[in-house]
Amino acid sequence: MRSEQQTGGSGHGPEDKTILITGSTDGVGRVVALRLGAAGARILVHGRDAARGKAAVAEIEAAGGKAEFFAADLASLAEVRRLADAVRARTDRLDILINNAGIGTAGAKRQISADGYELRFAVNYLAGFLLTSELLPLLKASVRARIVNVASAGQQAIDFSDVMLTHGYSGVRAYCQSKLAQILFTVDLAEQLKGTGVTVNALHPASYMNTTMVRQIGVTPWSSVETGAEAIVNLATSSALEGRSGLYFDGLHESRADAQAYDAGARQQLRSLCLDLVGLVSSRSKEQHS
């Protein structure tokens, strides 16, 4: 049935697809999960809080959808790996992966992850880098799978001499660097995945949505989570994006990211660094692990 659904003429709609959405117990991720679940997808809900996860699953099921919850703190690479293991144990394919979980700009004090990395780089970028790498076999087992990286219009070029921001730290700088890293990863991974049937695109969903992240920094929301959810669902399911990869969208419109995203040298440098940070390879000769 999966093959018929995905190779037919109805585009890349969510019906009968298995979709993992990180950070989907709250905010825009939860709205995306509800929309895709109501449209017939099987939703793998991720979050840190079991009670909120249970509530999200119940809401999806009440609307006629199918869902289950996976708990993981993405500030720990060990938990990212456990999340990947749990997903592999529950499904033999993954049709859509939406890397949505993240930490905002709030807080002037530099924080570190369980692995000793700058926290926003670790959660907003490195966790998705590792999770995507771990789940690529499941994505390749699908037909025309998609990866969506929820980034931001807030972007700052990566300073490779101080990626962990040990000098001149600010929450805004950390956030913007981590979000641009997601886009470099998107462009880089798209090149690696050519010919596999898996596409990957990134987007800025909407500016200052009415989310916990925005409220924490004391900003009056400019847009709704529904607006942001529409943009994310568009990248995940629109037939107009069939076969298109390595793109950056601002809302519903294709756009251009910071120039560093299109610098092949910077992308290779980030890839090499992150493969080392997550321990996926022991030498540069193994970089083409996917």
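Strand β1 (residues 18-21) and β2 pair in the parallel sense over four bridges.

Me: Before we go on, what am I looking at, and how are residues numbered?

Reply: This is a predicted model, where local features need pLDDT of at least 70, side-chain atom pairs count only at pLDDT 80 or more, and totals for chains, interfaces and linings use all residues. Residues are numbered from 1 along each chain as its sequence is written, and side-chain values use heavy atoms, with hydrogens and water left out.

Me: Fine. How many helices and strands are there in the protein?

Reply: Helices (H or I, at least four residues) and strands (E, at least two) are DSSP runs, numbered from the N terminus. Here you get nine helices and eight strands.

Me: Back to that pairing, then. Which residue stands opposite Thr 18?

Reply: Two strands pair if DSSP finds at least two bridges between them. Thr 18 faces Arg 42 in β2. Between the two strands the chain passes through α2, and this β-α-β crossover from β1 to β2 is right-handed. Right-handed means that, with the strands pointing away from the viewer, the path from the first strand over the helix to the second runs clockwise.

Me: And how many bridges join β2 to β3?

Reply: Six, and β2 and β3 run parallel. Val 45 sits opposite Phe 69 in β3. With α3 included, β2 and β3 make a right-handed β-α-β unit.

Me: Is β2 buried or exposed?

Reply: Buried means under 20% relative accessible area, exposed over 50%, and partly exposed in between (1.4 Å probe, protein chains only). For β2, six of its six residues are buried. Arg 42, Leu 44 and His 46 are on one side, with Ile 43, Val 45 and Gly 47 on the other, so both faces are covered. For the protein, 56% of the 290 residues count as buried.

Me: Now the helices. How far apart are the end C-alpha atoms of α3?

Reply: The expected span of a helix is 1.5 Å times one less than its number of residues. Helix α3 (residues 50-62) has 13 residues and should span 18 Å; its end C-alpha atoms are 18 Å apart, which agrees.

Me: Which residues of α3 are buried?

Reply: Gly 53, Ala 56, Val 57 and Ile 60. They cover an arc of only 100 degrees around the axis, so they lie on the same side of α3. That arc is taken from the directions from the helix axis to the C-beta atoms. On the face turned away from the buried side, you'll find the exposed residues Ala 51, Lys 54 and Ala 62.

Me: What do the buried residues of α3 pack against?

Reply: Contact means heavy atoms within 4.5 Å. The buried residues of α3 pack against α2 (27-38), β2 (42-47) and β3 (66-71).

Me: What happens at the start of α3, and just after α3?

Reply: At the start, a side-chain oxygen of Asp 49 comes to within 3.0 Å of the backbone nitrogen of Ala 51. Just after α3, Gly 64 has a positive phi of about 95 degrees.

Key
A polar contact is a pair of N or O atoms within 3.5 Å; within protein, one must be able to donate a hydrogen and the other to accept it, and residues adjacent in sequence count only if both atoms are side-chain atoms.
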